[in-house]
Amino acid sequence: MELRGLFHKIFGALGGGRRQTEQAELLNSYTNVYTPWDGNAYDDPTVRDCVDTIARHFGKMNPRHVVRQGGKIQKTVEDNLNYLLTTKPNVLMTTSEFLEKVAAQYLTYNNAFVYPQRDAGGRLVALWPLHFEEVELREHADELYCKFTFGTGKQTTVPYDNIVHIRRQFNRDDVWGEEQGRIMRDDLSTLKAVKSSIVNAVNNFGSLRGILHWKSTLRPEDEKAAWQKFIDTYASSKNGSGIGSLDNKADFQQITTTVTTFNAAQMQFARDAIYRHFGLNDSIVTGKYTEDEYIAFYESVLEPIAVKLAQELTDKLFTPRERGFGNEIVLETNRLSYMSVASKIKVCQALTPIGCISINEVREMFGYAGVEDGDERQVSLNYVKAGDQSAYQTGNTGGGDDNGQGDSADDDEAAASE
């Protein structure tokens, strides 16, 4: 596929999308143009690390098409939509790459847009995360439209109801999330100032530290040669002893300067201020997290994005009638996969005897391949319904057919009571 034809490949059926629309009137203003500007925050290494950390973990989510009835997921629908969600959302991305890109745009700009591409028959054929120069909210006949302008100058207008749009820090604006660059401006300035102090500290180590005072007048070339000889002999790394010598032709005068090094606590403070914008800490970013830290990271950072994206995909990909029949998109992950070995063993010991998980599910938890007939759940005979305890212990099912023992037991009990 030629990338120069990507615009036509995605929006070709719209014919450029030049609808007769007008500027949309919002509740508080006519400010309905959104430009994905981050104030160059994404170019900062600390911000990039934060975004990349969340995006990589979010890329491990498993989106799928399910049917939910009575509050419970009944089945996974094996259709074209499920293939797009689980394998190849579009010709350029795998599912993990698609999710990473959506998460990265969501975190960088506090807005993320996905265009569901459909063929002439209305069948969904691809899901495209959109990166653009500008989007303007317009309206026609009480319907909202998004007019996108891309870096090539090409434009297209599509109904807002056909765009998957998730927002972060969605407060003062009627449609868009807050600009991320403006929110982090002060903290980024502090971080850059601390980093500059490190550079200055390193540069100060190369400042003037001493003067050679020659007792006789030398020609410039002789003075330079004598100085270079002293530097090469005693002031370079080759001088392992750190001791130099001079004869009576010159004196060395040391210049004492105080070199201020950077404060590690200040650097940590500035870095933590950026981490807090993304709900992270140093352990998560560096991959040295504990089980409890990852659970907190999942529930406070990953899961909220998954819920938003799943709800928006469900709303935009299904008709009201399809949603009424329980069709839904869910994003989930195997939360057992990031547990410690000790915790996995405890889970298996608790859930296997009561038939909650199968042998293959246990093997998958520990990284082993499945075995034949391993999908069948097994239960322990040590568990019984509360109301069936007596029958289970005595073997009496209450039918009276117990080879006469039941009648004899009743007669003995009656005699004892008399």
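Modeller: Gladly. Residues 24 or more positions apart account for 62% of the contacts in the chain with a separation of 6 or more. This is a predicted model. The chain has 15 helices and 13 strands.

Colleague: What makes a residue count as buried, and what share of the chain is buried?

Modeller: The cut-off is under 20% relative accessible area. Buried residues make up 34% of the 418 residues in the chain. The accessible surface of the chain is about 25,800 Å². Carbon and sulfur atoms hold 49% of that surface.

Colleague: Why are α4 and α10 called roughly perpendicular?

Modeller: Helix α4 covers residues 95–109, and helix α10 covers residues 291–317. Their axes cross at roughly 105 degrees and come within 12 Å. Angles of 65 to 115 degrees count as roughly perpendicular. Therefore α4 and α10 are roughly perpendicular to each other.

Colleague: Which residues make that contact?

Modeller: From α4 come L99, V102, Y106 and L107. From α10 come I305, K308 and L309. They divide into 6 nonpolar, no polar and 1 charged. Lys counts as charged, so K308 is the charged one.

Colleague: Why do β6 and β10 count as edge strands of their sheet?

Modeller: The open sheet has 3 strands in the order β6-β5-β10, with antiparallel pairing. β6 (124–129) and β10 (164–167) each have a single partner strand, so one side of each is left without a neighbour in the sheet. Neighbouring strands here are turned by 15 degrees against each other on average, direction ignored.

Colleague: How do you know that β5 and β10 pair?

Modeller: Pairing needs at least two bridges. Strand β5 (residues 111–118) and β10 have 4 bridges, in the antiparallel sense. In one of them, A112 has I166 of β10 as its partner. α4 packs on this sheet, touching β5, β6 and β10. The direction of α4 makes about 140 degrees with that of β5. α10 also lies across β5, β6 and β10, at about 155 degrees to β10.

Colleague: Which strands does β7 join, and over how many bridges?

Modeller: β7 (residues 134–140) runs antiparallel to β1 (residues 22–23), with 2 bridges. There, E22 is partnered by E139. With β2 (residues 33–34), β7 also has 2 bridges, again antiparallel. V33 stands opposite E136. Strand β8 (residues 143–149) joins β7 through 7 bridges. E136 has K147 as its partner in β8.

Colleague: What do β7 and β8 form together?

Modeller: They form a hairpin with 2 residues between the strands. A141 in the turn has a positive phi of about 55 degrees.

Technical notes. Residues numbered from 1 in each chain as written. Predicted model: local features only at pLDDT ≥ 70, side-chain atom pairs only at ≥ 80, totals over all residues. Heavy atoms only, no water. Axes fitted to C-alpha atoms, helices over the stretch in contact; angles between N-to-C directions. Parallel < 35°, antiparallel > 145°, perpendicular 65-115°, else oblique. Contact = heavy atoms within 4.5 Å. Buried < 20%, exposed > 50% of the residue type's maximum accessible area, 1.4 Å probe, protein only. Areas by Shrake-Rupley, 256 points an atom, 1.4 Å probe, with all protein chains shown as cover.
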